[in-house]
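Here is a briefing on a structure, grouped by topic. Please have the sequence and the 3D view open while you read.

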There are 2 protein chains.
Amino acid sequence: MINFQYYAPTKVVFGKGTEKQAGILAKEFGATRVLIHYGTGSVVKSGLLDAVKSSLDNEGLPYELFGGAKPNPRLSLVREGIALSRATGVDFVLAVGGGSVIDSAKAIALGIRNDFDVWDLFIGKETAAACAPVAVILTLSAAGSEMSNGTVITNEDGWYKRAYGSDLCRPKFSILNPELTYTVSPYQTSCGAVDIIMHTMERYFTTEPPMDITDAAAHAVIKTIMKNVMTVLYNPRDYKGRAEIMWTGSLSHNGLTGCGGIGDWSTHDIEHELGGIFDIAHGAGLSAIWGSWARYVYKTKPGRFAEFASGIFGIKKSNQELAALAGIEAMENFFEKIGMPVSVSGLGINMTDGQIDEMAAKATSNDTRTLGNFRKLHKEDIKSILKTAR
Amino acid sequence: MINFQYYAPTKVVFGKGTEKQAGILAKEFGATRVLIHYGTGSVVKSGLLDAVKSSLDNEGLPYELFGGAKPNPRLSLVREGIALSRATGVDFVLAVGGGSVIDSAKAIALGIRNDFDVWDLFIGKETAAACAPVAVILTLSAAGSEMSNGTVITNEDGWYKRAYGSDLCRPKFSILNPELTYTVSPYQTSCGAVDIIMHTMERYFTTEPPMDITDAAAHAVIKTIMKNVMTVLYNPRDYKGRAEIMWTGSLSHNGLTGCGGIGDWSTHDIEHELGGIFDIAHGAGLSAIWGSWARYVYKTKPGRFAEFASGIFGIKKSNQELAALAGIEAMENFFEKIGMPVSVSGLGINMTDGQIDEMAAKATSNDTRTLGNFRKLHKEDIKSILKTAR
């Protein structure tokens, strides 16, 4: 167990009708002019945007509307949002949407309060000294960005998908109304479930001796998602099922399931390259790669994978390697059961050798850095994993 | 499941040597003059106080020393601390100790920033508009006050023990170094374990339909404590055991294990009366009462107690009432196994009928209010529970 910090200061306001509290909460956290940032229009059609506008109007809070965020949110839109915010005196960014909108909102909020070009944060050239307050009204259970310190942005100039993390951009409040996710399609629901599970799994596979309470929380998160995603695939308007997924999605990425461990974000990192080139759904990209990553690295510490197999699936075997492999297979079976791919071809993509080489090179900055901790991966390792994942 | 808020903004800095970060963290959270509040001297003898002073000195942060907090912290000391802080320009209160010191520190911090007498908060006459920032260096795993919004103070004028809760007094940061708890006695370790378990149990017994993720977190907390308290009773310097208890103690009282439920704090409320009169260890008071409370109320919803029996002890019975009773008995057996009383006489106290009447009257403000939610308890109910607990 290593020393750790746990810092999840976001005020979570959970339940039916809570979007009506947006105005009061924004005021509580110091907003005087709000950028309402959203996606490609579903929140307009659903009437949610009108509800949010009313809530701000009721508190006399002026706002600018700024839509257009897409999956794998783009740097160009972030720069537009920063310019608009500066021109209009926005001091608070309210994301109404899912992970892409939230990530875009965080990047805008970082840009507002720093003089350099915001992309410099994502390439490690700069560190943020400040960030405008960000808040969230969540419409998709997946990314966990509503409590996390991270944002992932894609630079269209070269299609680089990069992450930046800072406690400064953790949302001040997040409004979680499970009813707002009733209309999420089965495919997106499953993609979200994979993303949530992966946020805990990427923390789980640590070579450090684990903490009992962290492992128990990790098992609780994964098993809760596995159970409830089946419920809502059959009945999309099951409030309890949607609620379990929504709250567990936040807990899976607020740090709780990683306390005392090191974590290994290789699957996310590799998927970021895939998503940068192919513009796929993030969760589907993760499930397409994870098994290949797991089989490539498990021999580093088969016992840890055996603990996973036992904790999640109740798999017990006398041989740790057999248990490890059975656990990996069981997780892939679950992914398939909820309609998620376990190979890149399952995404309808045939990667060329050239594309694999390009992704491996980008992920490792031309083999000048490694990915992961459970096993450190060089460029050739990533190529192997991607080839197996084909 | 009911709508809920989850708000645990405390930055937790966990691990070996972390007390050395006190000065940097206090500065990060805006301190310019610090009140270092502590107990009856163990932190002086252990050298911890010197380490804290050095850490503040290194950052050029001036401070006032203010010791003397005792179990069941006293209002008179709180008032003294407020006066000292005002006279010296203190704007930040750093608690170095366990729950009593933290609660005392929170009350001082509330007093500093409000004009009325601080006791008015505890009797519901006033609400806090502000609170000086509070932070913690924890030396005892028990109260969970290091992440909670609550403080419990005893007014010697009538020996009223009363709680006040406000998000304003949630600590800005809490330093949790498990090594600082190596010297905690077996008795105090067990008292702490009971307190931690009870913070989850008081949230667990709700008549609301529970959330899967909340129940799983509750089971994880209770089972982690039960396992690790045995470890440290045998080996007080087991780092992992102390770490599991310390972190779980914070999680048990930061709201996580109550999300979506209503909770029932009757056992705490009754123990507060007992502690107000007899000056006993809080955890021992809780274990002395809980079984009597549980047997008095379980028929309201035996299924919930059966879930507890199953989730914690793996007890399965065809009859819910039998399962409920077996779970209560199993928990009492565990309390006894770690040397905790399951009756008030086990505390070496023989309550008179007059004392029972006095406590029941105080707890219910002369039968003008009820305790609890699982079953609402009137004065006569409390008398019955206390008589059974004799």
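The model is predicted.

**Domains of chain A**

- Domain 1 of chain A puts 21 residues into the contact, and domain 2 of chain A puts in 26 residues.
- On the domain 1 side, three elements of chain A supply at least two residues each: β1, β6 (150-155) and β7 (160-165).
- That side of domain 1 of chain A, where domain 2 of chain A is touched, holds 13 nonpolar, five polar and three charged residues.

**Chain A against chain B**

- The contact pairs 31 residues of chain A with 31 residues of chain B.
- On the chain A side, two or more residues each come from β1 (4-14), α8 (212-234) and α9 (239-251).
- β1(A) gives the most to this side, with 10 residues.
- By class, the side of chain A that touches chain B has 18 nonpolar, seven polar and six charged residues.

- β1(A) is joined to strand β1 (residues 4-14) of chain B by seven bridges.
- The two strands, β1(A) and β1(B), run antiparallel.
- Which residue of β1(B) is the bridge partner of Tyr6(A)? The partner is Val12(B).

**Helices α14 and α15 of chain A**

- Helix α14 (residues 353-363) and helix α15 (residues 379-389) of chain A have axes that come within 9 Å.
- Their axes cross at roughly 135°.
- α14(A) and α15(A) are therefore oblique to each other, since only angles over 145 degrees count as roughly antiparallel.
- The crossing of α14(A) and α15(A) is right-handed.
- From α14(A), the contact uses Ile356(A), Asp357(A), Met359(A), Ala360(A), Ala361(A) and Ala363(A).
- From α15(A), the contact uses Lys379(A), Ile382(A), Lys383(A), Leu386(A) and Lys387(A).
- The residues of this contact of α14(A) with α15(A) comprise seven nonpolar, no polar and four charged.

Key:
Residues are numbered from 1 along each chain as its sequence is written. Chains are lettered from A and ligands numbered from 1 in the order in which they are written. This is a predicted model: local features need pLDDT of at least 70, side-chain atom pairs count only at pLDDT 80 or more; totals for chains, interfaces and linings use all residues. Axes are lines fitted to C-alpha atoms, for helices over the stretch in contact, and angles run from 0 to 180 degrees between N-to-C directions. Helices (H or I, at least four residues) and strands (E, at least two) are DSSP runs, numbered from the N terminus. Angles under 35 degrees count as roughly parallel, over 145 as roughly antiparallel, 65 to 115 as roughly perpendicular and the rest as oblique. A crossing is left-handed if the near helix is turned anticlockwise from the far one by less than a right angle, and right-handed if clockwise. Two residues are in contact if their C-beta atoms, placed from the backbone, lie within 7 Å. Ala, Val, Leu, Ile, Met, Phe, Trp, Tyr, Cys and Pro count as nonpolar, Asp, Glu, Lys and Arg as charged, and the others, Gly among them, as polar. Two strands pair if DSSP finds at least two bridges between them.
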